[in-house]
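Subject: Structure for your review

Dear colleague,

Please find below the structure that I am handing over to you. My findings follow it, and I would ask you to read them with the structure open.

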Amino acid sequence: MKKIAIIYGKLENGIQKKSVEILSKILLDYTYEYPCCFEFGTDIPSNHRKIYIGTKENNGYIKKNSNASLSHSDEYFISVRDEVVIIEGFDDSGVLYGCIDFYNKYIIKQEFPHTDKYRINCFEKDLPDFEYSSRPSVSDRGIWTWGHVIYDYRGFIDNMVMLKMNT
C-alpha cells in the first residue's frame, strides 16, 4: 500500500488544523499509519499518494490545477483524478466539510461497493476517478439541547463538526 501525503496550504487557524486532523484520523483507519503532512512547497517523496487540501488562496497546487468555481461560504469541491486527490474549499469551513465528505461520499462508497458484507479498502488499489461538489442550503446548522447537561462537551462539539453543524 502506498503511503499517503496530505499537502495543505497554510495552517493559520484552528479550522485548517482540524481539517488536517480529521483527514489524518480517517486515513489512519485504512492505512494503519498516520499520513505524512506537508505544507505546499515542500518536497514530497514520489512514492506517496497525494491529497491536496485547502483553498485557492492558500494552496498553490489547487490554484493551478483545480477548475472548480466556488462562490459560497462552506462550499467545497472534491476531485480524484490520476491517483491525486484535491479537496478544495471556498473558505476554511468548506475545506473542513470537504474532508468530512471525502470520507462520507467517496471512501465509504468504495469500501462497500456491493450488497455483500465484504469490506474493500480502497487505498490498497488504484483510486477510481471521482468529482463531487456541495454547499449547505441552510446557513445556520445546530442543535439546541433544551438545557440538558453535556458532560463531554469536547466530544459533543467534535460530533457536531462531523455532522457539519456550525452553531
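Is K164 buried, partly exposed or exposed? Please bear in mind that this is a predicted model. K164 has a relative accessible area of 22%. Buried would require a value under 20% and exposed a value over 50%, so K164 counts as partly exposed. This residue is found in the segment after α4. Although K164 is not a glycine, its phi is positive, at about 60°.

A positive phi also occurs at W146, which is likewise not a glycine; the value there is about 55°. W146 belongs to the loop that links β6 (130-134) and α4 (153-162). Its relative accessible area is 65%, so W146 is exposed.

I turn next to the sheet. It is open and consists of six strands, in the order β2-β1-β3-β5-β4-β6, with mixed pairing. β2 (36-39) and β6 are the edge strands, each of them pairing on one side only. From one strand to the next, the twist averages 15°.

Within this sheet, β3 (residues 48-54) pairs with β5 (residues 84-89) in the parallel sense, over five bridges. In this region, K50 is placed opposite V84 of β5.

Helix α1 (residues 14-31) lies across β1 (3-8), β2, β3 and β5, and runs at about 170° to β1.

Yours sincerely

Note on methods:
Residues are numbered from 1 along each chain as its sequence is written. This is a predicted model: local features need pLDDT of at least 70, side-chain atom pairs count only at pLDDT 80 or more; totals for chains, interfaces and linings use all residues. Side-chain values use heavy atoms; hydrogens and water are left out. Helices (H or I, at least four residues) and strands (E, at least two) are DSSP runs, numbered from the N terminus. Buried means under 20% relative accessible area, exposed over 50%, partly exposed in between (1.4 Å probe, protein chains only). Two strands pair if DSSP finds at least two bridges between them. Axes are lines fitted to C-alpha atoms, for helices over the stretch in contact, and angles run from 0 to 180 degrees between N-to-C directions. Contact means heavy atoms within 4.5 Å.
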